[in-house]
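Here is a short report on selected local features of a protein model. Keep the structure in view as you read.

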Amino acid sequence: MTSTASARPAAIRRAALELFMRQGYPATTMSEIGALVGIRGPSLYKHVASKQELLAEIMDGIMDALQDAHRRAVAGTADPTERLRRAVEAHVRYHARHRAEAFVGNREIRSLTEPHRSAVLARRAEYEQQFRALIADGVAAGVFRVTSTRVASYAVLDLGMGVATWFRDDGEFSENEIVWQYADFALRLVGAV
């Protein structure tokens with residue numbers, strides 16, 4: 001396989017992501033995706049099974065990246081406060097750097113069909129559960145105070161996801177400043193002592 005041929009699926013996913021973000025999944029055609037990468041519509045099917053498969057691959061890629069960043073972030077420390085801080089930093093950093101993915105990942109979940117929809121929703125629930133467990137560990141250690149670990153985990157995750165809607169690389173605050181501030185907000189939210 002040539003390097004051009006092996007790079008083609010990634011280019012097709014990037015084109016699909018751009019179009020799904022700009023005009024939405026339902027309004028995007030395979031011909032438009034193909035045109036963006038210089039492939040005629042019918043030839044596109046040599047590289048991808050369907051538009052639905054493309055969306056599912058994008059969604060899986062988002063969850064793979066979030067899960068990997070989370071695992072790396074919490075490794076190496078047992079301190080509940082530090083683990084939550086690191087997890088939030090990774091979550092916020094992903095959303096600051098991958099705004100298109102975050103936008104499509106949130107808006108187009110409704111466009112996934114089965115079994116893709118259930119699989120992605122299960123992965124999202126697992127990701128949320130990891131944050132809930134971090135918060136529960138902090139509560140058990142007496143360093144966090146929350147009424148509901150579930151509600152707290154939703155609030156922490158929403159903080160990070162919101163960054164994708166307004167953050168800009170050339171904005172008033174750098175990515176690092178936003179990451180640090182949001183981690184601080186999250187620790188306050190869980191009543192860190």
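The model is predicted. Start with Pro115, which sits in the loop between helix H6 (99-107) and helix H7 (116-140). Glu114 and Pro115 are joined by a cis peptide bond. Its omega is about 5°.

Just after H2, Gly38 has a positive phi of about 75°.

| Site | Angle | Value |
|---|---|---|
| Glu114 and Pro115 | omega | about 5° |
| Gly38 | phi | about 75° |

Now H2 itself, residues 30-37. Which of its residues are buried? They are Met30, Ile33 and Gly34. Viewed down the axis of H2, these buried residues fall within an arc of 95°, so they line one face of the helix.

Next, a helix pair. Helix H8 covers residues 149-166, and helix H9 covers residues 175-189. Their axes come within 10 Å and cross at roughly 160°. Because angles over 145 degrees count as roughly antiparallel, H8 is roughly antiparallel to H9. The crossing of H8 past H9 is right-handed.

Which residues make the contact? H8 supplies Ala152, Ala155, Val156, Leu159, Gly160, Val163 and Trp166. H9 supplies Ile178, Tyr182, Phe185, Ala186 and Leu189. By class, eleven residues in this contact of H8 with H9 are nonpolar and one is polar. None is charged.

Methods: Residues are numbered from 1 along each chain as its sequence is written. This is a predicted model: local features need pLDDT of at least 70, side-chain atom pairs count only at pLDDT 80 or more; totals for chains, interfaces and linings use all residues. Side-chain values use heavy atoms; hydrogens and water are left out. Buried means under 20% relative accessible area, exposed over 50%, partly exposed in between (1.4 Å probe, protein chains only). Helices (H or I, at least four residues) and strands (E, at least two) are DSSP runs, numbered from the N terminus. The arc is that of the directions from the helix axis to the C-beta atoms. Axes are lines fitted to C-alpha atoms, for helices over the stretch in contact, and angles run from 0 to 180 degrees between N-to-C directions. Angles under 35 degrees count as roughly parallel, over 145 as roughly antiparallel, 65 to 115 as roughly perpendicular and the rest as oblique. A crossing is left-handed if the near helix is turned anticlockwise from the far one by less than a right angle, and right-handed if clockwise. Contact means heavy atoms within 4.5 Å. Ala, Val, Leu, Ile, Met, Phe, Trp, Tyr, Cys and Pro count as nonpolar, Asp, Glu, Lys and Arg as charged, and the others, Gly among them, as polar.
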